[in-house]
Amino acid sequence: MSTGKEANVFHATDAGGHAKALKIYRINTATFRNIALYIEGDPRFKRVKRATKPTIFAWAQKEYKNLVRMEDAGVRVPTPERVLDNVLVMEYVGDETMPAPSLREIALESPAAVYQDVVANLRAIRKSRLVHADMSEYNLLWWQDRVVVIDVGQAVPLDHPHAEEWFRRDVGNIARFFKRLRVDVTPASLEQAILRD
Ligand SMILES: Nc1ncnc2c1ncn2[C@@H]1O[C@H](COP(=O)(O)OP(=O)(O)O)[C@@H](O)[C@H]1O
Ligand SMILES: [Mg+2]
C-alpha cells in the first residue's frame, strides 16, 4: 500500500482469509541518506552510522506497544496483532477495493464534525500519556465515517524531554489543517480542548 522512508506497508491475507496490514521496517535502509550526503567524503567523519538491526526491531516493538497503549486509552487505531523482528501485523483499515484514504486525500463533507472526532482522539492519546509526535492529516485515515490514528512508532511518553515541544507541533498541524477548512480553531483553543478535564 505504501513505500515510506523507514517502512513499507502491505495489504496481506491471513490463513483464515482475513485482511491484515503489515508494516515492515526496512533493514537495509539508508535512513540517514540525506545527512550522509554531507558527511561522506568529509575527512572529519570516517563512517556514517546506519541504524542497526536491534534498533530497527526495537522500533517495531515500540510502534506495537504504542498502539496497544493508545487503544487501551480509547484512541481509534488499527488494532495491533503481532510483532516479530521488523514486522508489525495490525488491523487492515479499508475494504477489498481500497485502503482507507487519509484526511488529506478526500473532501470532507462536514469538517467541523471530523474535527470533533479528531479532538476526541487527541484527548484519548493524552489520556494514554503519550505524544503522537507526527500528527497531521497524513496520519489520520477516514473510514466508515470515523477517524483512525496511524503511524505511532515515534510517539513518546509525556516525560520525554521533547514531549511538550512535539505536542505543540502536533496541535499546530491539526489546527492549521482544520482552519483551512474553515473550522473555528486556533492552536490555543485546540490545546485547551485536549487538556480540559
Ligand atoms: N492499518 C492500516 N490499514 C490501511 N492502510 C494503512 C494502515 N497502516 C498504514 N496504512 C497506509 O500506509 C501508509 C504508510 O503508513 P504509516 O504508518 O503512516 O508509515 P510511514 O511512516 O511510512 O508514513 C499510510 O499513510 C496509509 O496509507
Ligand atoms: Mg505516515
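This is a predicted model: local features need pLDDT of at least 70, side-chain atom pairs count only at pLDDT 80 or more; totals for chains, interfaces and linings use all residues.

Residues are numbered from 1 along each chain as its sequence is written, and chains are lettered from A and ligands numbered from 1 in the order in which they are written.

**Exercise 1. The whole chain**

Determine which secondary structure elements the protein chain has, and in what order they run.

Solution. Helices (H or I, at least four residues) and strands (E, at least two) are taken as DSSP runs, numbered from the N terminus. Counting them gives five helices and nine strands, and reading from the N terminus gives the order β-β-β-α-α-β-β-α-β-β-β-β-α-α. The radius of gyration, taken over C-alpha atoms, is 18 Å, close to the 16 Å that the globule rule (2.2 Å times the number of residues to the power 0.38) gives for 197 residues, so the chain is as compact as a globular protein of that length. For contacts, defined by C-beta atoms placed from the backbone and lying within 7 Å, 60% of those between residues at least 6 apart in sequence join residues at least 24 apart.

**Exercise 2. Helix 3**

Find which residues of helix 3 are buried, and work out why they line one face of the helix.

Solution. Begin with the length: the expected span is 1.5 Å times one less than the number of residues, so the 17 residues of helix 3 (residues 111-127) should span 24 Å, which agrees with the 24 Å between its end C-alpha atoms. Next, call a residue buried if 20 or more other C-beta atoms, placed from the backbone, lie within 10 Å of its own, exposed if 12 or fewer, and partly exposed in between. By this rule V114, Y115, V118, N121, L122 and I125 are buried in helix 3. Seen down the helix axis, these buried residues fall within an arc of 125° (the arc of the directions from the axis to the C-beta atoms), so they line one face of helix 3. An α-helix has 3.6 residues a turn, so residues three or four places apart point the same way. The cover over the buried residues of helix 3 includes helix 2 (53-72), strand 7 (140-143) and helix 5 (187-195).

**Exercise 3. Helix 4**

Solution. The buried residues of helix 4 are F167, D170, V171, I174, F177 and F178, and they fall within an arc of 130° seen down the axis, so they line one face of helix 4. Helix 4 is followed by R182, whose phi is positive, near 70°.

**Exercise 4. One residue, I125**

Decide whether I125 is buried or exposed, and list what I125 touches.

Solution. I125 lies in helix 3 and, with 26 C-beta neighbours inside 10 Å, counts as buried. Leaving out residues up to four places away in sequence, I125 touches M70, V75, L130 and H132.

**Exercise 5. The ligand**

Identify which residues come nearest to ligand 1.

Solution. A residue is near a molecule if its C-beta atom, placed from the backbone, lies within 6 Å of it. Of the 20 residues around ligand 1, S2, G4, A21, P78 and D151 come nearest. The elements giving two or more residues to this shell are strand 2 (7-13), strand 3 (19-25) and strand 5 (87-91).

How values were computed. Two residues are in contact if their C-beta atoms, placed from the backbone, lie within 7 Å.
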